[in-house]
Amino acid sequence: MLKLNNVVTHYGNIQALKGISLEINQGEIVTVIGANGAGKTTTLKAICGLVNITSGKIYFQGKDITDKPTSDIVGSGIAMVPEGRRVFPRMTVLENLQLGAYLNGDKNQINKDLERVFELFPILKQRLKQVAGTLSGGEQQMLAMGRALMARPKLLLLDEPSMGLAPMIVSNIFDIIQEINRSGTTILLVEQNAHMALSIAHKGYVIETGKIVMEDTADNLLHNEQVKKAYLGE
Ligand code: ATP
């Protein structure tokens, strides 16, 4: 469904991605784990057209999306939930969700999609009129995910959904990620919380200083000695 072929990106003179190749099949949860600054966020930005690609190619459903405008990429079925949630703090929960549907003009469809988001995140229904900036961190993460789902993505990109959240809330959010996947959305999850990410993913990649250094089934990575030492604190 998504394929990155040797993708290189720069910030000024600094090479942030040094030839990233990865592949996601339809229906999978794929995770990219790695330390702070390894290039996880930049990988997601490259997919969405938010950073310039120096060389390499990105294909989505067989089509070359390298260097396409972000609006076209979103229109083709990719949505991203950015790191640190980035909800619009002065807008209400409902307004934030409605913004996620900006490419969709059909009111009936939007209402159906809203109902689906409320099934996944019942708390958002209770907070519809509340301004997003006053939600808890976990609720803001749920809102950011709900907003992305309003765009009806085929592929959902999640940037560190666990960041700054208590373990119980992380566990709740990861259950919901699995449920979103079971209902047909393919997921690319980048995480520093390797244990949680590998425990729900089908396949995993380990990224270090802009390069993929390991690739395997999530289960094999969870039991890999190197991964255990470097990323699972064992
Ligand atoms: P984190 O978990 O901290 O977000 P990450 O794995 O997502 O880490 P990236 O944010 O992709 O890492 O950063 C990869 C490298 O690119 C890092 O060395 C970072 O300092 C650098 N970098 C990221 N954004 C910029 C920018 N806007 N300008 C210059 N350098 C940047």
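**Reading a sheet and its helices**

Me: Why does the end-to-end distance of helix α4 (residues 107–120) agree with its length?

Reply: At 1.5 Å a residue, its 14 residues should span 20 Å, and the end C-alpha atoms lie 20 Å apart, which agrees. The expected span is 1.5 Å times one less than the number of residues. Helices (H or I, at least four residues) and strands (E, at least two) are DSSP runs numbered from the N terminus. This is a predicted model, where local features need pLDDT of at least 70 and side-chain atom pairs pLDDT 80 or more, while totals for chains, interfaces and linings use all residues. Residues are numbered from 1 along each chain as its sequence is written, and side-chain values use heavy atoms, leaving out hydrogens and water.

Me: Which residues of α4 are buried?

Reply: Buried means under 20% relative accessible area with a 1.4 Å probe, protein chains only. Here they are Gln109, Ile110, Asp113, Leu114, Val117, Phe118 and Leu120. Their cover includes α3 (93–100), α5 (122–126), α6 and α7, with contact meaning heavy atoms within 4.5 Å.

Me: In what order do the strands of the open sheet run?

Reply: Strands of a sheet pair through backbone hydrogen bonds, either parallel or antiparallel. This mixed sheet of six strands has the order β6-β7-β8-β3-β9-β10, where pairing takes at least two DSSP bridges. Its edge strands, β6 (78–81) and β10 (211–217), each pair on one side only.

Me: How many bridges join β9 and β10?

Reply: Six, in the antiparallel sense, with β9 covering residues 203–208. Isoleucine 207 stands opposite isoleucine 212 in β10.

Key. Buried < 20%, exposed > 50% of the residue type's maximum accessible area, 1.4 Å probe, protein only.
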